[in-house]
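I have opened my notebook on a fold that is new to me.

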Amino acid sequence: MMKRQRLKQRALSLWLPDWPLQRVRLERPALKRCELSLYCQQHGALRLIASDRYAAGTPLAEVVRGKVEQHDPDADRETLLRLAAWCEQFSPIVGIEPPDCLHLDVTGLDLLYGSEEILVKKIAESFQRRGLGVRGAIADTVGIAWGVSHYASQPWSIVRSEALFRSLPIEALRVVDDVAVFSELGVTKINQLLAIPRTALASRFGSELIKRIRQAIGEIPEPIVSHRPPPKIQVETRCEYPVGDRCELQSILSGLIQRVAAELARRQQGALQVRCEFQSERGPLSFTASLFRPTSDSAHLLELVVMQLDRIAIVGPIDCVTMAVTSHAPLTTWQQELFEDSRREESRRVGLLVDRLSNRLGREAVVRSIPQQEAQPELAVRYEPLAGAVRSKSKRVFSKIVRPLHLEIQPRPIKALAVAPDGPPLQFHWHGDHVVRRACGPERIQTGWWRGRYVQRDYYRVETSVGKRFWLFRELRSGKWFLHGAYD
């Protein structure tokens with residue numbers, strides 16, 4: 001049997017330049033023959049947001065020619081949504097990126113239209129007939145398509161390699177906040193930015209820049225989310241008479257969960273967060289149950305919901321019960337095996353344990369650690385709740401440098417004695433006196449000037465005369481010693 005070849009993803013980005021002006025003229029064609037300016041309030045003053053004659057940001061008082069109207073961003077978005085629905089004739093998946101961009105998933109559509117060139121020509125002619133100016137690009141990722149559509153010299157482009165994208169200005173990465181800093185550093189093109197080590201970029205500019213780079217070059221996915229969201233999974237029961245008994249409420253919740261689980265199974269989705277709301281004469285009451293892994297198992301959902309129900313005080317009879325799935329993800333499917341897999345059963349039990357602990361102790365009490373590319377050890381990890389979140393497959397961070405398994409939350413000041421001012425310690429005091437038999441180092445760790453508080457440290461791995469091993473450092477500015485961790 002021949003293997004079915006998976007189609008390579010292709011995305012089309014459509015940019016509508018001066019969309020506020022185009023939107024007004026689309027609704028009122030009579031304005032096509034006159035100069036038009038739109039204004040809004042910015043920083044306490046009335047300034048132009050778009051204009052045929054004047055630059056954006058020009059004070060309204062300086063406008064002496066043409067027709068002037070107030071900008072309506074809500075109308076811009078509503079018209080963009082209607083335009084996205086109209087574009088469904090070209091692709092079944094159309095997303096919007098406010099304020100003026102549409103994304104179409106055109107994977108495999110070249111087979112339908114004959115080629116991507118024919119598809120682009122058909123879309124360009126359709127927009128021209130509607131009187132709309134548009135620029136577009138097809139590429140392997142949304143990031144590249146967006147950048148090329150905005151900054152390439154040609155109004156329409158079909159990108160086969162990253163060479164064109166790498167030659168574009170940094171603005172093509174959709175990182176508006178950092179452009180000025182890069183200009184001061186002399187970095188103006190994407191290829192110059194990609195030559196800088198990512199660890200340096202992450203520590204200086206944060207994770208958003210790295211995310212945009214990885215999305216553009218295809219390391220992490222950037223799916224096109226349809227402008228038509230799927231219908232919300234929500235069920236409701238109105239009581240014939242007010243209910244105050246917990247057993248009756250549990251029976252009502254059981255019926256609602258059966259309906260929710262059936263809808264989840266139909267969509268091949270699993271719940272990650274379920275929210276329950278009760279309406280009574282004394283006001284609303286609500287709680288949320290969170291899960292470690294997506295599930296449509298009604299028995300497991302009921303167990304967690306009842307667990308949350310036991311934690312709240314019902315102050316009055318309930319008139320209405322509503323249950324909604326506020327977060328969900330695709331269900332994980334397993335191929336049936338001839339013999340039982342103990343690892344799968346162990347994984348299932350761990351998931352159940354996390355769900356019960358998270359709903360008993362609170363979602364923020366059960367977390368996992370995420371390693372970060374960070375020189376300063378106490379900032380090299382962040383924590384996120386295990387339950388109720390859609391987890392993406394992120395690249396794990398491994399360090400070639402040996403670090404202690406136990407780190408102090410904050411470095412502990414200690415008294416240490418060293419022969420040389422910049423040499424290793426000979427002895428130190430920490431819950432008693434310790435004589436250093438061997439020391440390895442120094443390993444200098446320092447943070448950038450942009451952090452505000454400049455950190456400069458010399459770290460040593462030391463072994464005492466009784467075989468205990470510690471991680472110590474000297475603060476270079478003050479010369480004081482600290483204990484940061486201990487080796488097992």
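**Ground rules.** I am reading a predicted model, where local features need pLDDT of at least 70, side-chain atom pairs count only at pLDDT 80 or more, and totals for chains, interfaces and linings use all residues. Residues are numbered from 1 along each chain as its sequence is written, and side-chain values use heavy atoms, with hydrogens and water left out.

**Entry on helices.** I looked up helix 9 (residues 198–205) and helix 10 (residues 207–216), and their axes come within 7 Å and cross at roughly 135°. Helix 9 is therefore oblique to helix 10. I noted that angles under 35 degrees count as roughly parallel, over 145 as roughly antiparallel, 65 to 115 as roughly perpendicular, and the rest as oblique. The axes are lines fitted to C-alpha atoms, for helices over the stretch in contact, and angles run from 0 to 180 degrees between N-to-C directions. Helices (H or I, at least four residues) and strands (E, at least two) are DSSP runs, numbered from the N terminus.

Which residues make the contact? From helix 9 I listed Arg198, Leu201, Ala202 and Phe205, and from helix 10 Ser207, Leu209, Ile210, Ile213 and Arg214; contact means heavy atoms within 4.5 Å. By class, I found six nonpolar, one polar and two charged. Here Ala, Val, Leu, Ile, Met, Phe, Trp, Tyr, Cys and Pro count as nonpolar, Asp, Glu, Lys and Arg as charged, and the others, Gly among them, as polar.

**Entry on strands.** Strand 10 (residues 269–280) and strand 11 (residues 283–295) pair in the antiparallel sense over nine bridges; pairing takes at least two bridges found by DSSP. The two strands form a hairpin with two residues between them. I followed Val274 across to its bridge partner in strand 11, Ala289.

Next I traced a barrel: six strands close in the order 15-16-17-18-19-20, with antiparallel pairing. Its twist averages 45° from one strand to the next. Strand 16 (residues 425–429) is joined to strand 17 (residues 433–446) by three bridges, and His429 has Asp433 as its bridge partner in strand 17.

How many cavities of 30 Å³ or more does the whole structure have? My search gave one. The lining of the largest cavity includes Phe278, Ser280, Gly283 and Leu285, and strand 10 and strand 11 each supply at least two of its residues.

How values were computed: On a 1 Å grid over the protein atoms alone, a cavity is a set of points where a 1.4 Å probe fits but cannot get out, and a pocket is an open set with protein on both sides within 12 Å along at least five of seven lines; lining residues have an atom within 4 Å of a point. Grid points are joined across faces, edges and corners, and a volume is the space filled by probe spheres set on the points.
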